[in-house]
Amino acid sequence: MLQPEDLITQALPAALERRCGKPLEELGLETLEDLYECIANLGGNWYRQFPGVLREDAAELVRWLAENGRAIGEVTDRFYPPGMAPKEPAQELPAKTRAAALPPTPRTAPIEELVLPSSLSGEFGENRGLENSLQANNDRDAIEAWLAARAQNPNTNAQYRKEAERFLLWCTMELGMAMSSITAREAARYPKWLEELGRTDEAAWKKHWRL
């Protein structure tokens with residue numbers, strides 16, 4: 001079992017250490033106790049303080065800490081990036097009932113037909129304020145309000161809508177994040193996706209992208 005004094009670079013699994021070890025070390029975290037205290041103090045968005053640590057890596061690291069670091073401290077849902085805490089095992093139900101209870105599976109669709117679960121809709125987006133001038137309850141509403149304000153010409157509206165729809169789909173389908181939870185670091189990956197769109201063969205595309 002892991003101990004508080006264990007060094008992060010020696011304790012982390014090799015794959016996690018390659019991705020996260022250096023950023024953590026560069027900002028002064030040496031032991032697992034340092035890591036635990038940092039996450040406990042900063043909460044689920046702790047990884048944003050460490051350039052190079054992605055949201056998915058942060059969730060994997062916290063999951064590993066929860067499974068192996070009981071001697072260090074209790075890991076609760078607030079340690080995970082928002083929306084990435086593990087779900088409680090569902091009570092066994094008849095197959096038909098289970099299917100009816102599941103949230104809708106995101107699928108690519110025009111923005112006006114797009115159905116997203118609350119974890120991806122932006123209703124609880126990390127960057128969404130309690131009050132907003134758009135009076136938008138989710139990311140789709142925000143896009144519609146933005147289009148109404150900024151693109152009254154039909155041709156302009158169609159072009160803006162296409163690009164907004166593409167970015168929304170990329171956030172939700174590719175990154176698995178609500179658009180209003182995206183940070184500048186994550187958004188910086190979008191131009192690379194656009195650059196490869198339609199220029200990369202299918203086999204190579206699937207190695208790097210989901211959508």
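1. First, the ground rules. This is a predicted model, in which local features need pLDDT of at least 70, side-chain atom pairs count only at pLDDT 80 or more, and totals for chains, interfaces and linings use all residues. Residues are numbered from 1 along each chain as its sequence is written, and side-chain values use heavy atoms, with hydrogens and water left out.

2. The overall make-up. The protein chain has eleven helices and zero strands; here helices (H or I, at least four residues) and strands (E, at least two) are DSSP runs, numbered from the N terminus. Along the sequence the pattern therefore reads α-α-α-α-α-α-α-α-α-α-α. Of the 211 residues, 37% count as buried, where buried means under 20% relative accessible area, exposed over 50%, and partly exposed in between (1.4 Å probe, protein chains only). Among contacts in the protein chain with a separation of 6 or more, 59% come from residues 24 or more positions apart; a contact means heavy atoms within 4.5 Å.

3. A word on helix pairs. Two packed helices are described by the angle between their axes and the distance between the axes. The axes are lines fitted to C-alpha atoms, for helices over the stretch in contact, and the angles run from 0 to 180 degrees between N-to-C directions. Angles under 35 degrees count as roughly parallel, over 145 as roughly antiparallel, 65 to 115 as roughly perpendicular and the rest as oblique.

4. Helices α2 and α4. How do the axes of α2 and α4 cross? Helix α2 (residues 14-26) and helix α4 (residues 55-68) cross at roughly 95°, and their axes come within 11 Å, so the two are roughly perpendicular to each other. On the α2 side the contact uses L16, R19, C20 and L24, and on the α4 side D57, E60, L61 and W64. These residues divide into five nonpolar, no polar and three charged. For the classes, Ala, Val, Leu, Ile, Met, Phe, Trp, Tyr, Cys and Pro count as nonpolar, Asp, Glu, Lys and Arg as charged, and the others, Gly among them, as polar.

5. Helices α3 and α4. Helix α4 also packs with α3 (residues 32-42), at roughly 115° and with axes that come within 12 Å. The crossing is left-handed, a term used if the near helix is turned anticlockwise from the far one by less than a right angle, with right-handed used if clockwise. L32, L35, Y36 and I39 of α3 meet L61, V62, W64 and L65 of α4. By class, this contact has eight nonpolar, no polar and no charged residues.

6. Helices α7 and α8. Here α7 (residues 139-150) and α8 (residues 154-175) pack at about 160°, with axes 10 Å apart, and are therefore roughly antiparallel. Their crossing is right-handed. D139, I143, E144, W146, L147 and R150 in α7 meet N157, Y160, R161, A164 and L168 in α8. The contact has six nonpolar, one polar and four charged residues.

7. A buried glutamate. E186 sits in helix α9 (residues 184-187) and is buried, with a relative accessible area of 2%. Leaving aside residues up to four places away in sequence, E186 touches Y47, R55, W170, L175, M177 and S181. The C-alpha atoms of E186 and C171 are 9.1 Å apart, for a sequence gap of 15 residues.

8. Is I8 buried or exposed? I8, in helix α1 (residues 8-11), is buried at 1% relative accessible area. Beyond residues up to four places away in sequence, I8 touches L24, L29, E30, T31, L32 and L35. Its C-alpha atom is 9.8 Å from that of K22, 14 residues away along the chain. E26, in α2, is exposed at 58% relative accessibility.

9. Cysteines. C20 counts as buried at 0% relative accessibility, and C171 is also buried at 0%. How many disulfides are there? The count comes to zero, taking a disulfide as a pair of cysteine sulfur atoms within 2.5 Å.
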